[in-house]
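This report describes the fold, the packing and the surface of one protein chain. Please consult the sequence and the model while reading.

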Amino acid sequence: MTEEEIIELIRHTIMLSIELSAPVMLVGLVVGTLVALVQALTQIQEQTLVFVPKILSIFFALFVGLPMMATSLIEFMEFLADKIIAIK
């Protein structure tokens, strides 16, 4: 493998990591912001109140997005297997 191929493989790996984690992270960010806004408006300053809605929403986002994530990971693994076979 040349340096360009290795750099392209690393770039592809990083982009796949971002594509898989971004939806879940955005859901956690939005729910955390909304709960913080509600806490600020109602003046409830309970620190543990943020965690339950955020965890439930992240689990739901994972449940909904898991088929797409699995498909992307399988395609990437097949791509890597082809690259490994081509090294010979």
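## Terms and basis of the model

Helices (H or I, at least four residues) and strands (E, at least two) are DSSP runs, numbered from the N terminus. Patches are made of residues with over 30% relative accessible area and no salt bridge, with like charges joined within 9 Å and nonpolar side chains (Val, Leu, Ile, Met, Phe, Trp, Tyr) joined within 5 Å.

The model is predicted: local features need pLDDT of at least 70, side-chain atom pairs count only at pLDDT 80 or more, and totals for chains, interfaces and linings use all residues. Residues are numbered from 1 along each chain as its sequence is written, and side-chain values use heavy atoms, with hydrogens and water left out.

## Overall architecture

The protein chain contains 2 helices and 0 strands. Its radius of gyration is 19 Å, whereas a compact globule of 88 residues would have a value near 12 Å; this radius is taken over C-alpha atoms, and the globule rule is 2.2 Å times the number of residues to the power 0.38. Along the principal axes, the C-alpha trace spans about 65 × 25 × 15 Å.

Of the 88 residues, 18% are buried. Here buried means under 20% relative accessible area, exposed over 50%, and partly exposed in between (1.4 Å probe, protein chains only). Among contacts with a separation of 6 or more, 64% join residues 24 or more positions apart, a contact being heavy atoms within 4.5 Å.

## Packing between the helices

Helix 2 covers residues 51-86, and its buried residues are S57, A61, G65, M69, S72 and F76. These buried residues pack against helix 1. S57 counts as buried because its relative accessibility is 14%. Beyond its neighbours within four places in sequence, S57 is in contact with V27 and V31.

L20 touches M69, S72 and L73, with residues up to four places away in sequence not counted. By contrast, the C-alpha atoms of L20 and K54 are 18 Å apart in space, at a sequence separation of 34 residues.

Helix 2 is also bent: the angle is about 55 degrees at G65, and a proline, P67, follows within four residues. The bend at a residue is the angle between axes fitted to the seven residues ending there and the seven starting there.

## The loop and its surroundings

V50 belongs to the loop between helix 1 and helix 2, and its relative accessibility of 15% makes it buried. Apart from neighbours within four places in sequence, V50 is in contact with G32, V35 and Q39. The C-alpha atoms of V50 and A36 lie 7.2 Å apart, although 14 residues separate the two along the chain.

Q39 lies in helix 1 and is buried, with 8% relative accessibility. Not counting residues up to four places away in sequence, Q39 touches I44, Q45, E46, L49 and V50. Q43 is likewise placed in the loop between helix 1 and helix 2, but Q43 counts as exposed at 68% relative accessibility. Q43 has a positive phi of about 60 degrees although it is not a glycine. Most residues other than glycine have a negative phi.

## Surface and salt bridge

The chain exposes about 7,000 Å², of which carbon and sulfur atoms supply 75%. Accessible areas come from the Shrake-Rupley method with a 1.4 Å probe; for residues, only the protein chains shown count as cover. M1, I6, I10, I14, M15, I18, I84 and I87 form a nonpolar surface patch with about 760 Å² of accessible area together. Helix 1 (residues 3-42) gives the most to this patch, with 5 residues. I84, one of the patch residues, is found in helix 2 and counts as exposed at 55% relative accessibility.

A search of the whole structure finds 1 salt bridge, defined as a side-chain nitrogen of Lys or Arg within 4 Å of a carboxyl oxygen of Asp or Glu. The side chains of E8 and R11 form it, at 2.7 Å from N to O. Because E8 and R11 are 3 residues apart in helix 1, about one helical turn separates them. Both are partly exposed, E8 at 40% relative accessibility and R11 at 44%.
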